[in-house]
Amino acid sequence: MNVKNAFTIILLFLILFSAVSAVSADDDRSYTIDRAFVDLTIGSDGLLHVNERYDYSFDGKFNGVYRDIPLKPGESIKNIEISADGAYPVLVQSDEGGYKHLKIYLYSDAAHTKGIRDCNVNIYISYDMVNVVTLFNDVGGLQYKLWGDEWDVGVGEVYVNVNLPGKTGNEYFLNPQEFNATSTLKGDTITAETYSIPEGDFYELLVLMPLSDFNDATYAKHVNQNGRDMIMKNLEDSVNGRNFWNTTYVVLGLLSILSPIGAVFTYLRYGREPKVDYDGIYERELPTNDPPEVINALVEDRTDLGTPTMKGFEASIMNIIDKKVFRLSPQENVDFDTRDLILTFDQDKKSELSESEKIVFNTLEHFANNNTLNLSMLNGQLSTEYEAKWFMSQLEMWEKNVENQINLEEYFDGTGSSMISFISVAGLVFGVIIAILGFTTELGNGVYALAGGIFLIIFSIAIMRLDEDIFGRWTESGRVFYLKWRNFKKFLKDNSLIKEHPPESIVVWKKYLIYGAALGVADKVYDAMKLQAPNYVDYDDDLFYYHYYGGYGLMYSAFRTGQTTANPSSDSGGFGGLGGGSGGGGGGAF
């Protein structure tokens, strides 16, 4: 994106801000969630049974709805059932990134041949959750988001019914309090009704129960410490903190204009690029001889220029495989009717590796047994906190090693991009808070906070989407370096270009796969390779086995498990703080 286009976008957002609602009205379809009903049953065995109902109103043609349910480490979900009034549902479910994804296709006929249009549909979802109820030494607790902050739209009202395991000694709290319309606790039943909840906010239940209400609670999470005082302190701190920020950001909403002023100043001072003598359209050969992890750090993710990502780590694994220091072979797993990927380590060739590659070698070798590692089992090995923290520390050491290989100042002056990153992130965070506050506050100047927050969100997202070199600038040599590698990535992504200029040998295809992984387009290379060299698997090459049998997915899953286990989003110490509950998530329509 050139500078002229970038500033055109910024100016359009500034000039046309008042017309946002009119532009939105041009959309040819829309939907609302008029009501939500959440019924929870807490069993004496610690199992949480959830019944949800969402009343959708569709204007236009839709294919269905989806529901994303987040699961914290140790939590699980089972016995999922769905039904609908007003349509014929078909459920497709999957697990990814710590979420249970429910995609519900809706049809207007029993034969499932016609989609829905201009109708009202009630969606029913029920499931059981394990390790969501927590039993401390002095109290049982459940912190659960009755409405999550990840929905695409808000909800008119939420009706809540909670069935407790005992009739006495229960305490409950519903937050944020401004959404509470009515609530009661009678015996073993909590009922509540909310006002409308806007997009981006949540509604959460915290309930404390006597331990005597639980019997053989095999489905609960057990924490060997007293919990009540800690929970109440966290809750009080969270409520007081929310009130403090509500007051603070009403004032900040009026200062939202400082963000575009800062962006303009940043560009004028730091963002104008040097002119270079290069006008290539694409690059067919590797532009430089730099290792793939370095290219990943400098080209693939320019939001943190000079720092490699997990894609660079995988590209390094592939490069080591290509050097025959790692040997890879598929192995039948008769128990699951699948193929495992077995990695074998060649200790004699380890000395041929670079320092960063030796870290990769040592990291994977740590999990090996008798000099072999089943990559399909790595995810399970990283589910323990000790191993996960060790794995993440190795990744950090690898990142630092790669960073030390790069003299970033030789390529890029990041002063402007650092400034604009701060402006955009701070603006987005502040904008979300200010917009929610302006919508919910009863203060007279809330309309100014709402307008300032919406503007700040739009503006921050707009400048986040711009190329980093709009506000930072490459050196002359760095600009040529970046442009060539960007054009090489463009070549790898474009099947028509590879079809016109296919590589002459399988050796080049392997380089394409390695650097494609570093640049985040390995799948595109793989697709092109199937078209141009359909029998490439016959080459019996370890690198192709890695891709063909899902090495990317195995490493990504292991990385996510290690990251989650080593850095849990919350634990018993955070129980009781606003927004830290289980459940929640979000959903929408498609």
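The lining of the second largest cavity comprises eight nonpolar residues, no polar residue and one charged residue, where Ala, Val, Leu, Ile, Met, Phe, Trp, Tyr, Cys and Pro count as nonpolar, Asp, Glu, Lys and Arg as charged, and the others, Gly among them, as polar. The model is a predicted one, in which local features need pLDDT of at least 70 and side-chain atom pairs count only at pLDDT 80 or more, while totals for chains, interfaces and linings use all residues. Residues are numbered from 1 along each chain as its sequence is written, and side-chain values use heavy atoms, with hydrogens and water left out.

The structure holds two cavities of 30 Å³ or more, a cavity being a set of points, on a 1 Å grid over the protein atoms alone, where a 1.4 Å probe fits but cannot get out, with lining residues having an atom within 4 Å of a point. Grid points are joined across faces, edges and corners, and the volume is the space filled by probe spheres set on the points. For the second largest cavity this volume is about 40 Å³, and its lining is formed by Y54, Y56, V65, Y66, R67, I104, I123, I125 and W151. Two or more of these residues come from each of β2 (48–59), β4 (64–70) and β9 (120–130), and β4 gives the most, with three residues. Strands here are DSSP runs of E with at least two residues, and helices are runs of H or I with at least four, numbered from the N terminus.

| Helix pair | Axis distance | Crossing angle |
|---|---|---|
| α5 (292–300) and α6 (310–322) | within 8 Å | roughly 155° |
| α6 and α18 (551–566) | 11 Å | about 135° |
| α5 and α13 (476–493) | within 10 Å | roughly 100° |

Angles under 35 degrees count as roughly parallel, over 145 as roughly antiparallel, 65 to 115 as roughly perpendicular and the rest as oblique. By its angle, α5 is therefore roughly antiparallel to α6, and α5 passes α6 in a right-handed crossing, meaning that the near helix is turned clockwise from the far one by less than a right angle. Their contact (heavy atoms within 4.5 Å) is made by P292, E293, N296 and E300 of α5 together with K311, G312, A315, S316 and N319 of α6. By class, this contact has two nonpolar, four polar and three charged residues.

The angle between α5 and α13 makes these helices roughly perpendicular. Here I295, L298 and V299 of α5 meet F481, Y482 and W485 of α13, and the contact has six nonpolar residues, with no polar and no charged ones.

Helix α6 and helix α18 are oblique to each other, and their crossing is right-handed. From α6, the residues M310, F313, E314, I317 and M318 meet G551, Y552, M555 and F559 of α18, a contact with seven nonpolar residues, one polar and one charged.

Two backbone details remain. The peptide bond from N175 to P176 is cis, with omega near -5°, and P176 has its place in the loop between β13 (171–175) and β14 (180–186). N79, although not a glycine, has a positive phi of about 55°, and N79 is found in strand β5 (residues 76–85).

Key. On a 1 Å grid over the protein atoms alone, a cavity is a set of points where a 1.4 Å probe fits but cannot get out, and a pocket is an open set with protein on both sides within 12 Å along at least five of seven lines; lining residues have an atom within 4 Å of a point. Axes are lines fitted to C-alpha atoms, for helices over the stretch in contact, and angles run from 0 to 180 degrees between N-to-C directions.
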